[in-house]
Amino acid sequence: MTSPHGHTSTTYPKGRPMKSRGVFIAACLTTTTLLLAACGSGDAGDDGPVTLKFQALSDQPAAIAATESIVEDWNTANPDVQVEIVPAGWDGVYDKLITQFNGGAAPDIIHYEAASIVSFARDGYLADLTDLMSDERRADIPEGVLDSVTVDDQVIAYPTELQSYVVFANRTLLEDAGVEIPTGETMTWDELREIAKATTKGDVYGLGWGLSSPTAAFMALAPGFGGTYITGTGEDADLTVGEGEMALPELVHGMAYDDKSILPVTLTQSGSEAIASFYAGQTAMTVQGSYQAANIAKDAPEDLDWVALPPLAGPEGPQQAANPQTLSVNIDSEHVEESAEFIEFFTQTEHLAALNEADALIPATTSAQEALTEKLGDENGWSTILASGQNFTAAPYLFADSYAQWKDTVATPAYQRYLAQETDETELADQLTSGWDEITQ
Amino acid sequence: MRVIAQQMVRPAQYVALAGYIIFLGFPLLWLLSASVKSSGELNSLVVNLLPQEWHWENYSEALARQGLVRSSANSAIVALASTALVILVALPASYVLARLKGAIRAAGVGWILVSQVFPVILVILPLFLILRTIGLTDSLVGLTLVHTTYTLPFALWMLQGYVAAIPVELEEAGSMDGGSRLVVLRRIVFPLLAPGVVATAMFSFVSSWNEFFFALVLLQSPENYTLPITLSTFIGGEGKVALGPLAAGSVLAAIPSIVFFSIMQKKLTGGLMAGAVKG
């Protein structure tokens, strides 16, 4: 309505101010409650027992329970040094730790993996545990695994759990193809290729291998072919791509395109995605992380008769590069010695055996591997998987400063192009080395 | 022919609407479906919307996971508090931005645009150090302030658009009728801004509710974890993901947000009807 003065008249919404006031008061109350809640929390003071913060990344309910049980046993036995678990997820933990270290707020005990803690050690954030690790523990850790947590001659972490690459096979499909199931201590890659060819019939492919991010698998399995990729450490590390490094990518390429014995779609999938075709009987074998044994036992169709095949061996043997999960100590912790004592306790044979059983991983100590083998026997391929625990060797790439960047920006795209037949062997090798040079120059 | 074409318009609109709703709703349906499937079925090549066997254990496993309920409460506290703070600051500030001309507006708009340029990863360390100095790391108060700061520029941008859409003649009319500026704001501008405030509040709430990175870095104690942090613990190392429990946890986590939205949606549509210009 237009007023006689030409102004537009307005309808005033009745009751609106009251509602606005109510919303305002509610907002103030929320804020006040929040402030009061914050004021109510905090440290009780400096008196009392030492409390160590243990940032744990366990994600499986059974592994969480195993970790809690170990910590509870420690806390009962050590009333003056209490350990408090700070659960955290694997997702984004690297960024979290960088900020925690730089901000001086890192926990005392840090759970992570060897590949990621080397840079923290080089930057001086991790305590040297060389003199704090007991002789008994040092002798119990296979040399290659211990090497993976040794930076510049300093032990910077205790290794706890590992995974290896294992071939799982559909026994029925192998037997139907007239293949004798390998049972020796190791199985050669040539044997794998022959079995894959023999079992490729009709709609069934011999092998499914989730290689959407192939670099980790190629790097881990290269030692069996004499491939090291990296020489030197830190900023001085250099990349070599020769026969040993190219052997496995070429083998996979040959199986996929010459033999046509690898289900093509699996080359674009993750390991977890590729396992679905194994369950469905579309692939006779699949290469997976060893932890998948527990999932296969749980999730596979009841009529799937499966078996874990012996560790794969190249011309140089069955070695696989070790990248164990680790426990380290924050160098700025006021209780480095107590933290190391707790880790010694945590890595005792029975504790590591229980934790790895829960996580379906391979213990990092020989005694825990033996204890688990004794307990589980041949159930769900455990004996085969655990046997591979003695084949771990040092992973030189862990100690190269530029590895992570090269892996993400150069190697993975280059391998993907090669496996998609967009490039050949020569171009792959060129891309890997020229990409490294660009990053390091 | 023209009549037939006109008769076809409405059904075609409904078909398009139905298609759009399915497009929007399918991910949620799939989430619900995944939340009641066993890991065996989730890892099977056979894809069904309805599970072959209802696997409710995912929900019990999700609830048994440390702190899912507590972290939901933390998320609600932080999201509601930061939303309230954002609205409290943005409402008057947006009015100034929209109505006043000159240096203040230019500086304000410039600040809004510049603040959106910096990647989170760039600001997180200085932010962490500042909060640590004032003792607000690992606290819901600190996270609330960070969420408020981070959401405020865009909220301001949104709200000033709504303010600008209100004809200035309405305020002049109010003044001519004898209302002071405060009265005009309270009785004319703010009621007409209700839909904009609700939309901004919803944006602010969702931003805070879903925010992961700041919470990941700033919160150190499990009792302070927000929902995205707790849900991330379902994703393990070595590529392991507990898909079923993660989906169940996500469904449970979405409930408070859905409730909030259903309440606010009424206000949103209600606000659109209020304060109509007459004449």
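**Chain B and the sheet and domains of chain A**

Of the 279 residues in chain B, 38% are buried, a residue being buried if 20 or more other C-beta atoms, placed from the backbone, lie within 10 Å of its own. The model is predicted, so local features need pLDDT of at least 70 and side-chain atom pairs count only at pLDDT 80 or more, while totals for chains, interfaces and linings use all residues. Residues are numbered from 1 along each chain as its sequence is written, and chains are lettered from A in the order in which they are written.

Chain B holds 12 helices and zero strands (DSSP runs of H or I, at least four residues, and of E, at least two, numbered from the N terminus). The radius of gyration of chain B, taken over C-alpha atoms, is 23 Å, well over the 19 Å given by the globule rule for 279 residues, so chain B is more spread out than a compact globule. That rule is 2.2 Å times the number of residues to the power 0.38. The C-alpha trace of chain B spans about 75 × 70 × 30 Å along its principal axes.

In chain A, six strands form an open sheet of mixed pairing in the order β2-β1-β3-β16-β6-β17; two strands pair if DSSP finds at least two bridges between them. Its edge strands are β2 (81–87) and β17 (362–363). Strands β6 (158–162) and β16 (325–329) of chain A are antiparallel over three bridges, with P159(A) opposite T326(A).

An automatic or database assignment divides chain A into domain 1 (50–162 + 323–388) and domain 2 (165–310 + 402–440). The centres of these domains of chain A, over C-alpha atoms, are separated by 29 Å.

Conventions
A residue is buried if 20 or more other C-beta atoms lie within 10 Å of its own, exposed if 12 or fewer, and partly exposed in between; C-beta atoms are placed from the backbone.
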